[in-house]
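Please look over the sequence and the structure shown here before reading the briefing that follows.

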Amino acid sequence: MLKILAIAAVAAGTAQSQVLWDEVVDGDLGDMTSNDDAPTFLGNLGVGANIVRGTTAPIAMGDLADAFSFTVPVGLSLQSVVLTAYSTADGGPGTSGIVFYDSLGGSSGLFLGGASYGAADVGTDTLLVSTGLTDFGPGDLAISVREFGGPDATWELTLNVVPAPASAALLGLGGLAAARRRR
């Protein structure tokens with residue numbers, strides 16, 4: 001019985017890693033107007049690490065923000081948005097900002113929070129720091145990334161998605177039921 005529970009837990013926790021967007025490969029994310037109203041839609045997030053990579057120029061240079069949106073499907077939960085890489089063109093600390101909205105349309109939705117970050121913040125959960133949320137979903141979310149003090153900054157965010165607690169429990173129960181039928 002414990003063996004079956006362990007297998008169900010592993011199956012529920014199996015994670016994949018995928019790059020949703022890389023500006024070097026996929027082109028610019030939505031270069032936003034000052035109101036963040038047209039983010040690039042990246043689709044539905046999957047379980048595991050969903051990676052977004054971009055480069056922002058200082059606001060003074062006319063690049064107001066890179067913004068993207070996505071959907072966290074029913075049965076899944078966005079656990080964290082971790083700054084996994086950050087560097088500036090001159091190797092300095094930089095000062096970027098991140099803003100969260102609960103809408104595919106960016107600022108047309110509810111402002112959830114925002115924070116500034118730099119190279120010293122790599123490894124930080126920006127979702128928690130910016131909004132106070134420990135998870136999000138299901139639903140739509142938009143993220144706007146901007147560089148304040150310049151020079152150009154290259155960044156990577158990892159959006160970590162897991163089955164929602166109720167979904168993981170149901171998956172485990174389904175595994176138990178299947179195992180009992182085989183006996």
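**Buried charge and sheet pairing**

Glutamate 156 counts as buried, at 15% relative accessibility, where buried means under 20% relative accessible area, exposed over 50% and partly exposed in between, with a 1.4 Å probe and protein chains only. This is a predicted model, in which local features need pLDDT of at least 70 and side-chain atom pairs count only at pLDDT 80 or more, while totals for chains, interfaces and linings use all residues. Residues are numbered from 1 along each chain as its sequence is written, and side-chain values use heavy atoms, with hydrogens and water left out.

**Salt bridges**

- Arginine 53 forms a salt bridge with glutamate 156, the closest N and O atoms being 2.5 Å apart; the term requires a side-chain nitrogen of Lys or Arg within 4 Å of a carboxyl oxygen of Asp or Glu.
- Because arginine 53 lies in strand 4 and glutamate 156 in strand 10, this pair ties together parts that are 103 residues apart in sequence; strands are DSSP runs (E, at least two residues), numbered from the N terminus.
- Arginine 53 also meets the side chain of aspartate 22 in a salt bridge (3.3 Å, N to O).
- Aspartate 22 is buried, at 13% relative accessible area, whereas arginine 53 is partly exposed, at 27%.

**Sheet**

- An open sheet of 4 strands has the order 1-4-10-6 with mixed pairing, and two strands pair if DSSP finds at least two bridges between them.
- Strand 4 (residues 48-56) and strand 10 (residues 153-163) pair in the antiparallel sense over 9 bridges.
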